[in-house]
Amino acid sequence: MLKTIVTILFVCSSGFLVRAEQKQEWKLWYKQPARQWMEATPLGNGRLGAMIFGGIKTEKIALNEITLWSGQPDPHQEIACGKEKLAEIRRLFFEGKWIEGNQMAGRYLAGYPNSFGTHLPVGDLNLKFHHDTSRISDYHRQLDLTNALTTVTYKVGTTRFKREYFSSHPADVLVIRLSADRKGAVGFDLDLGLLHEALVDTTPDELLFNGQVSFPKFGPGGVRFTGKIKVVTDGGRIISQNNSLSITQADAVTIFIDIRTDFNNPEYISQCSQSIHKASIQKYKQLKQAHIQDYNSLFNRVELCLGTSEADKLPTDERWQRLKAGKTDVGLEALFFHYGRYLIISSSREDSPLPANLQGLWNDNLACNMPWTCDYHLDVNTQQNYWLTNIANLAECNAPLFNYIGALSVAGEKTAEKVYGCPGWVAHTVANIWGYTAPGSSVNWGLFPTASTWIGSHLWHHYLFTQDKAFLKEQGYPLLKKNALFFLHYLVEDPHTGYLMTGPSTSPENSFRYQGWELALSMMPTCDRVLVYELFDACIQSAEVLGIDQDFRDSLKLAIQKLPPLKIGKNGEVQEWFEDVENAHPNHRCATHLLSLYPFAQISLQHTPELAEAAKKVIDNRLSAPDWEDVEFSRANMISYYARLKEPEEAYHSLSVLLRKLIQKNLFTISAAGIGGAECDIYIFDGNQAAPAGIAEMLLQSHEGYVEFIPALPKAWPDGHFKGLCIRGGGEADLEWQNSEIRKACLTARSDREFKIKLPGDPQQWRLKKNGKTIKNVLIDKDRVFPILLKKNDRLEIEKI
């Protein structure tokens, strides 16, 4: 390989990154209360969530708890297909009898979600204020992303009222503080609008409720739940009556709320009482400060500025309207990125009992009434929920996902044995909290065994970003290995080609045309090949890092060699199926075979340019297909796909389309009405994570084995900076760019290793420093990539001459 020796000098400068001249505020704010759920602002501590409407006459606070589920464990979820029947089904496919194979698979490989259940909302806490609402002025409602506080202020006549809301992770309760600048002015009635049958009771200063979820739409069963709402006043009095509390003539009022369920928690009632007691005896300022300090320890790790906009000072709903009218707003694009970080911190913490679900932590009572429920979809949605965490320096937020994968692996052992006659573990398209790992009720969308592999890939990616060997040894690798063990036994050799094949299985959630039929199942759809390769490769690398399992490594290496290649079809696209068949729905929202491009890197411009071109053709054809199913997750995918293909304007266009068409006034992303059976727009959490992950991918990439800054920078972002974004290999990157060119960059190592960095343009333009000392004689290859050995906390600085 051609290499160049370059001598580089560094000139010291004061300060590293230039901050925006105009200090941007990362706030969602409004001049009026929310009229509907997707105008309200979300709060959460990883378990307990709320949507704040900010009403004047009546305040509605929609309450959520992550474990509030219907359903129950089901020992009869699988059909006992077994090895022999599976071999019979596969024989039909290998003999070219695809129609008969699909029919037989439908009889023996479907699942039975008898008591599947769904996540559900708790209901509403209502505050009915005593003041005169005919004299309201100076109303302001905001969610401040820098401290996770929602604030509502307004005047009634000459009296200013203020309300603060936060969901405290340290105290594990929801807190509301109401005050006024006139003594004795705070008064309201407090009651509940629960969505589940419960016994409600009162004490002199508390509302209490206990019940059990019943939602028979998705089967029997449901968690038991309890809640406690305690009111503490400064002055005034509390009157308890008719399952409500009335507060009068108070100077200030603090409300403490906790809700618990018995999901994996027999002490839920006592825990609820204890959390309320411990919080209520603290001073409000101490609670608030502890909350902010805890939240800032995560949120403050990353900075991002994409420039300023004339709309920066406008209310968020007015900015939203401007976007829909076709105007650009780079400030809102950065705000949307930070909002994604806020939402994952709020819905997924290290001690969260469950990971973020289809709606994160917040449930609108719509998704849970859809046929697809508010569950854990493992064919893209749950994975997208956690695409932002690693690159956005929030690796701790992965913990509940990994614990959930661990629970799936236990249930999935029975499914692997009963359905396929294989050891190891497997899960399919949909999952719940009750151990449902069987195929879905229809094989057309639900027979996707590599769903387990896709969700498991997050274990390996977590290690790539963190270099946490203890995690890899104790949690990551054992789960990956057991899944790989399943696939070693599940794979079958194609008698015609000698390739190892999965199947029959589906390419979610698509189908193809064959002899006048529309079929969903085939042997080794491309997504299966991509995922099995990723799994085996991750296990090989993990075992090498840990220095164990040589024989197992060797068996995986042999199996990888027998996997079929990725193929380009007669239409020039990356094939979605092993056979070059016609796509029955070229406008379909799913393109699961392009996992090979992102988040994985089996297709790249650097190493597989022909496949990269074929991947681009898939994307272009999907987007240009009549009535393409443009939903939050499919459009978010496009941002990252184009970023990987170094198509900055196309990536930015998809970001712009998502912000114009697929978000609501509180910046929640939506699955649009008319798609997936929805009669109205429905909030889906994944777009709020996958799209910000795409923004990060436009600014920083490390999947090719080297760090590349602003690989897909659009013209709309000529000036900006970021700080604290993470790279594979264990490092944090900072960057400042002006006039679309890098000015300064920094890489801080979080582990001991060799890093590789790609320099843009002429290598002679750059000055380098390592821990304050000039670097000389840097070895740069023909692709402008140079290696550098860094110890933990070493700092590499790069500046344009």
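Reply: Helices (H or I, at least four residues) and strands (E, at least two) are DSSP runs, numbered from the N terminus. Keep in mind that this is a predicted model.

Let's take residues 283-699, the stretch that UniProt, in an unreviewed entry, annotates as "domain: Glycosyl hydrolase family 95 catalytic". This span is 48% helix and 6% strand, and its end C-alpha atoms are 43 Å apart.

Start with a pair of helices, H6 (residues 330-347) and H16 (residues 648-661). They pack at an angle of about 80°, with their axes 12 Å apart. Angles of 65 to 115 degrees count as roughly perpendicular, so H6 is roughly perpendicular to H16. On the H6 side, Val330, Glu333 and Phe336 make the contact; from H16 come Tyr652, Leu655, Leu658 and Leu659. That contact of H6 with H16 has 6 nonpolar residues, no polar ones and 1 charged.

Now look at H8 (residues 399-420) and H10 (residues 451-466). Here the packing angle is about 130° and the axes are 10 Å apart. H8 and H10 are therefore oblique to each other, and their crossing is left-handed. H8 brings Leu401, Phe402 and Ile405 to the contact, while H10 brings Ile455, Gly456, His458, Leu459 and His462. Sorted by type, the contact of H8 with H10 has 5 nonpolar residues, 3 polar and no charged.

Two prolines are worth a zoom while you're here. The peptide bond from Gly503 to Pro504 is cis, with omega near 0°. Pro504 sits in the loop between strand E22 (500-501) and strand E23 (505-506). Further along, a cis peptide bond joins Tyr598 and Pro599, with omega about 10°. Pro599 is in the loop that runs between strand E27 (582-583) and helix H14 (609-624).

What about the neighbours? UniProt puts "domain: Glycosyl hydrolase family 95 N-terminal" at residues 28-265, also in an unreviewed entry. That span is 10% helix and 49% strand, with its end C-alpha atoms 36 Å apart. Helices H1 (residues 82-94) and H2 (residues 98-108) have axes that come within 7 Å and cross at roughly 160°. H1 and H2 are therefore roughly antiparallel to each other, and the crossing is left-handed. Lys85, Glu88, Ile89, Leu92 and Phe93 are the H1 residues in this contact, and among those they meet in H2 are Trp98, Met104 and Tyr108. The contact of H1 with H2 takes in 7 nonpolar, 2 polar and 3 charged residues. Also check Ala148, which has a positive phi of about 60° although it is not a glycine. Ala148 lies in the loop between strand E7 (136-144) and strand E8 (149-156).

Technical notes: Residues numbered from 1 in each chain as written. Predicted model: local features only at pLDDT ≥ 70, side-chain atom pairs only at ≥ 80, totals over all residues. Heavy atoms only, no water. Axes fitted to C-alpha atoms, helices over the stretch in contact; angles between N-to-C directions. Parallel < 35°, antiparallel > 145°, perpendicular 65-115°, else oblique. Left-handed = near helix turned anticlockwise from the far one by under 90°. Contact = heavy atoms within 4.5 Å. Nonpolar A, V, L, I, M, F, W, Y, C, P; charged D, E, K, R; others polar. UniProt positions renumbered as here; feature names shortened; annotations may be inferred.
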